[in-house]
Amino acid sequence: MTTPTLRAPTLAEIQAPLAERLARVREELRRIVVADFELIAEANTHLFQMQGKMFRPTLLLFASEATGGDDARAVSLAAVVELIHLATLVHDDSVDHSTMRRGMPTLNALFSHQVSVIMGDFLYSRAVVELVRQGDLEPLRVMSRVTNEMTVGEMRALLAHDRLKFTEAEYDLLIRAKTASLFAGACEVGAGQAGPREREAMRRYGESLGKAFQIVDDLLDYTEDEAVTGKPSGLDLKEHKVTLPLIAALPRMTPAERARVEELMRAPEPDERMIADVVAAATRAGGIEYARARAARHQQEAEAELEILPPSPARDALRACVTYVTERRR
């Protein structure tokens with residue numbers, strides 16, 4: 001008799017106990033960014049229509065609950081974390097000149113490049129204003145560090161001129177700054193009323209989880225659509241982005257396979273055949289398998305950090321978040 005495979009939890013299932021508090025986070029977001037300037041109000045309305053899954057606020061709320069924090073304070077801080085995340089997306093779209101996100105036009109496309117840059121700045125500044133209003137220096141210290149790390153990370157990405165010489169060490173620095181720093185900050189701030197040992201464990205949990213999240217995200221670009229269409233989505237490759245599956249595979253590729261990668265990087269708009277060839281070469285060379293192993297290692301690191309916390313439904317939820325990250329489909 002075979003043992004049934006356990007289904008990974010969906011994010012909606014994980015978030016169910018937080019439904020009321022996440023609704024309050026959304027209300028706080030609107031309160032924090034409200035402005036009587038017409039263009040800002042229009043941009044805010046559009047941004048809230050594009051709002052994502054609220055994963056970072058979810059981590060903060062569960063970290064707070066698992067470490068005995070004050071819920072009312074955590075809701076406002078969760079809104080700040082989501083606001084910072086939203087600001088980074090707006091700036092990313094501006095830097096990349098992206099026209100679509102989550103199936104909707106970006107601010108960059110709907111208004112202008114200039115409006116997009118200024119709105120990102122506005123969102124950051126409103127987050128800082130709210131942190132100051134809280135009257136607690138510690139969350140301000142943490143989130144100031146996080147936003148600085150994220151900015152430096154983006155600068156590192158811009159300086160990677162020869163993409164095929166982008167190393168795994170450089171990739172690690174990038175994903176730590178770009179993604180893991182905000183995950184770590186959300187969990188550390190959530191545990192802000194706990195002792196130093198618990199706060200540090202929550203920071204490390206968030207950092208490991210964020211690294212796993214980004215690696216899985218990069219893996220999905222190579223594997224996401226195969227089961228349905230037989231062809232990977234390849235968006236990163238279309239944009240000439242070099243991520244861990246390709247970094248790990250390049251040294252093991254044949255000269256012909258590497259030449260195909262170089263051809264893709266030179267092409268202004270790589271076609272589906274070119275992308276499929278590079279994905280197949282990366283798979284043959286073990287890049288997909290290597291990236292999965294790296295994500296699994298970060299998963300184990302994140303789970304190990306939870307052992308310091310007393311048993312509770314919130315700790316179980318944080319563990320479920322790890323499973324969700326490693327098993328998710330976008």
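Reader: What volume does the second largest pocket have?
Author: Keep in mind that this is a predicted model. The value asked for is computed from its atoms. The second largest pocket has a volume of about 280 Å³.

Reader: Which residues lie nearest the centre of the second largest pocket?
Author: The lining of this pocket has 13 residues. By type, the lining divides into five nonpolar, three polar and five charged residues. Nearest the centre lie Val216, Leu219, Arg292, Thr326 and Arg329.

Reader: How many cavities of 30 Å³ or more are in the whole structure, and how much space lies in the largest cavity?
Author: A search of the whole structure finds two cavities of 30 Å³ or more. The space in the largest cavity is about 70 Å³.

Reader: Which helix gives the most to the lining of the largest cavity?
Author: The lining includes Leu47, Met50, Asp93 and Ser116. It divides into six nonpolar, three polar and three charged residues. Helices H5 (71-96) and H6 (107-110) each supply at least two residues. The most, four residues, come from H5.

Reader: Where does the largest share of the lining of the second largest cavity come from?
Author: About 40 Å³ of space lies in this cavity. Among its lining residues are Ser64, Arg73, Leu77 and Gln193. Two elements give two or more residues to this lining, H5 and helix H9 (168-190). The largest share is three residues, and the helix that gives them is H5.

Reader: Where is the kink in H9 centred?
Author: First take the length of H9. Its 23 residues should span 33 Å at 1.5 Å a residue, and its end C-alpha atoms are 31 Å apart, so the two values agree. Still, H9 has a kink of about 50°. That kink is centred on Ala180.

Reader: How many disulfides does a search of the whole structure find?
Author: A disulfide is a covalent bond between the sulfur atoms of two cysteines. The search of the whole structure finds zero.

Reader: Is Cys187 buried or exposed, and what about Cys321?
Author: Buried means under 20% relative accessible area. Cys187 has 0% relative accessibility, so Cys187 counts as buried. Cys321 also has 0%, so Cys321 counts as buried.

Reader: What is the phi of Met54?
Author: Most residues other than glycine have a negative phi. Met54 is found in the loop between helix H3 (38-49) and helix H4 (55-66). Its relative accessible area is 1%, so Met54 is buried. Its phi is positive, near 60°.

Reader: Where is His240 found?
Author: His240 is not a glycine, yet it has a positive phi of about 60°. At 12% relative accessibility, His240 counts as buried. His240 is found in the loop between helix H12 (235-238) and helix H13 (244-249).

How values were computed. Residues are numbered from 1 along each chain as its sequence is written. This is a predicted model: local features need pLDDT of at least 70, side-chain atom pairs count only at pLDDT 80 or more; totals for chains, interfaces and linings use all residues. Side-chain values use heavy atoms; hydrogens and water are left out. On a 1 Å grid over the protein atoms alone, a cavity is a set of points where a 1.4 Å probe fits but cannot get out, and a pocket is an open set with protein on both sides within 12 Å along at least five of seven lines; lining residues have an atom within 4 Å of a point. Grid points are joined across faces, edges and corners, and a volume is the space filled by probe spheres set on the points. Ala, Val, Leu, Ile, Met, Phe, Trp, Tyr, Cys and Pro count as nonpolar, Asp, Glu, Lys and Arg as charged, and the others, Gly among them, as polar. A disulfide is a pair of cysteine sulfur atoms within 2.5 Å. Buried means under 20% relative accessible area, exposed over 50%, partly exposed in between (1.4 Å probe, protein chains only). The expected span of a helix is 1.5 Å times one less than its number of residues. The bend at a residue is the angle between axes fitted to the seven residues ending there and the seven starting there.
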